[in-house]
Amino acid sequence: MSTVVDQVPANPLAPAPHESGRTKPARPTVTAFVDAVSGHNDRARRATIDLAKALGRRLEATVGVIGEGTEHTPSLGWRAALHEARAELDALAETTEHSLRSAPFSAFCLTRNAAALATLPAIARAYPDAAIVWMGAHPCLHTPATTRTGDLSGMALGGATGLWKSGHGGELALSNVVLLGARDLDQAERNIIANSPIRNIPAGPRMQEELAATIAGRYVFVHFSADVLQPGIVLTDYQIANGLTIDTVAATARTLAGERVIGLQVSELEHDPTDRFNTSAQLVVEMLAPLLPRV
């Protein structure tokens, strides 16, 4: 179920060795979740590994891998997808909890947003008051009763916040959710946002100011879905107009870095076969670099 693809220089999940009577400080961790879970194709698996390796090099951290990279059947509904991925999602939740206990910074590379069903409740259990900054074109607040597509990814934040029971916990409080760049919303999601304490910050000249005021003094965990970007910057399953620019994402990362960032997860990046040097993965890491601890 899990393996290691890149070691630099030691497994950060192992007990820290002693040297001259002193304990070496814990290092950041990087985890890649490579099963498809949802989506229309399997292009995210290769991109997830490339991204995890890039983050591992930047953080000088070992990259752990969860999942076998099994192919996704596009016709698989949310219930079947959830059942099929249950063991891997359980492993992801356990790894998240372990990393939050032992590492100063936890990074996760996810094929699809659906895997956030496992990470976000674990983060909320460890940091009940942490702000979860969800950067994505879709808020993913659907439930089995509102989804029109049956796509598990579209229900990820809904499950993590307990709007429906995924079997992986729903401890994330709606009041701790901050949406950035959300622009492809169904009416059911609009209703949830309008009638809940979720903070939805629109793109615009006051975005950084509003974000800074919202997260001031709090622990922060960042979810970055590649579809938050303006179409054409990187390959992703959904290309939604009026996305964030590279400069806006970098500015947002600098704003967030002013608080206590405990971790980051990136999802929905797809492999472009014409991208011989994995420039998309490198670009995402560079945009988000202010969030990363110095090593």
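Q: Which residues are linked in a network of salt bridges?
A: That would be R43, R112, E268 and E270. This is a predicted model, so local features need pLDDT of at least 70, side-chain atom pairs count only at pLDDT 80 or more, and totals for chains, interfaces and linings use all residues. Residues are numbered from 1 along each chain as its sequence is written, and side-chain values use heavy atoms, with hydrogens and water left out.

Q: What makes R43 and E270 a salt bridge?
A: The term asks for a side-chain nitrogen of Lys or Arg within 4 Å of a carboxyl oxygen of Asp or Glu. The closest N and O atoms of R43 and E270 are 2.9 Å apart, so the pair qualifies. R43 sits in the loop between β4 (29-33) and α1, and E270 in the loop between β11 (260-267) and α9, so the pair ties together parts 227 residues apart in sequence. Those labels come from DSSP runs numbered from the N terminus: helices are H or I with at least four residues, strands are E with at least two.

Q: Why is E270 called buried, but R43 partly exposed?
A: Buried means under 20% relative accessible area, exposed over 50%, and partly exposed in between (1.4 Å probe, protein chains only). E270 comes out at 2%, so it counts as buried. R43, at 37%, falls in between, so it counts as partly exposed.

Q: How do you know that R112 pairs with E270?
A: Their side chains meet at 3.0 Å, N to O, in a salt bridge. The two are 158 residues apart, with R112 in the loop between β6 (106-110) and α4 (116-126). Both R112 and E270 are buried.

Q: What makes R199 and E210 a salt bridge?
A: Here the N to O distance is 3.6 Å, so the pair passes as well. R199 lies in strand β9 (residues 199-201) and E210 in helix α7 (residues 207-215), so parts 11 residues apart in sequence are tied together.

Q: How many disulfides does a search of the whole structure find?
A: It finds 0, where a disulfide is a pair of cysteine sulfur atoms within 2.5 Å. As for two of the cysteines, C109 has 0% relative accessibility, so it counts as buried, and C140, at 2%, is buried too.
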